Amino acid sequence: MATKALLRVALAAVLVGFGAAAASAQATDPSDVAAAARQAREQQKAAPKPKKVVTNDDIPSKSTTPEAAAKPATTGEGGQAEGQAANATTKDEDDPKKEAYWHKKYSDIHDKLTQAEKDLSVYQRELNTDQVQYYNDPQKALVEQHNRTDINDKTAKVDAKKKEVDSLKQQLTDLDEECRKSGCDPGWVR
């Protein structure tokens, strides 16, 4: 019994202490707060205007032309050698007996396949999220229960992207077969 009474007294003392601290915190003078707000506004007016912020839209993008074409033509042996090297690389990319031709075809298809697989992954995650979606608005929930337009649209996107991925994988297989038939080194299409 005595411990309960002592505990009650201690608890009351703690509560009174917190109450006093809260009351002193609220007892701040409202004129001090208003004065601080006025002073902050004056400092903002006196502050210098910010400088212009440079964004990506302000920076010109790189040109898509090759570096050799972007360089000015120079006279002499060095300029002719660079021009011949650029012509040789374009000729190699057009000649089916050269490694550059096969590597370019493979990298184009492989890049498209990689991007399509990433897109497919995003579409599948969005579809999975929509399938467990909870709508706070009962009208929206009722509409989605009956016609499921969001889920049907995303399912169509997933199916189309799966077909595109399969098509690109088939193109890679066809490229391997084409390389084999033409007698090129199989390492050129890897």
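**Ground rules.** I number residues from 1 along each chain as its sequence is written, and I keep to heavy atoms for side-chain values, with hydrogens and water left out. Because the model is predicted, local features need pLDDT of at least 70 and side-chain atom pairs count only at pLDDT 80 or more, while totals for chains, interfaces and linings use all residues.

**Fold.** I looked up the secondary structure and found 7 helices and 0 strands. Helices here are DSSP runs of H or I with at least four residues, strands are E runs with at least two, and both are numbered from the N terminus. Along the sequence the pattern reads α-α-α-α-α-α-α.

**Surface and contacts.** Of the 190 residues, 12% are buried (under 20% relative accessible area, with exposed being over 50% and partly exposed in between; 1.4 Å probe, protein chains only). I then turned to contacts (heavy atoms within 4.5 Å): among those between residues at least 6 apart in sequence, 66% join residues at least 24 apart.

**Aromatic pair.** I found 1 aromatic pair in the structure. Tyr101 and Trp102 form it, edge-to-face, at 5.1 Å centre to centre with 85 degrees between the planes. For my own reference, ring centres of Phe, Tyr and Trp (its six-membered ring) must lie within 6.5 Å; planes under 30 degrees apart are stacked, over 60 edge-to-face and the rest tilted. Tyr101 is buried at 17% relative accessible area, and Trp102 is buried at 1%.

**Lys161.** Is Lys161 buried or exposed? I have it as buried, because its relative accessibility is 12%. I located Lys161 in helix 7, residues 149-182. Beyond its neighbours within four places in sequence, Lys161 touches Ala116, Asp119, Leu120 and Tyr123. I also saw a polar contact of 3.0 Å between the side chains of Lys161 and Glu164 (N or O atoms within 3.5 Å, one able to donate a hydrogen and the other to accept it; residues adjacent in sequence count only if both atoms are side-chain atoms).

**Largest pocket.** I read off a volume of about 180 Å³ for the largest pocket, as the space filled by probe spheres set on grid points, which are joined across faces, edges and corners. A pocket is an open set of points on a 1 Å grid over the protein atoms alone, fitting a 1.4 Å probe, with protein on both sides within 12 Å along at least five of seven lines; lining residues have an atom within 4 Å of a point. The lining includes Asp130, Tyr134, Glu144 and Arg148. Helix 6 gives the most to this lining, with 3 residues.
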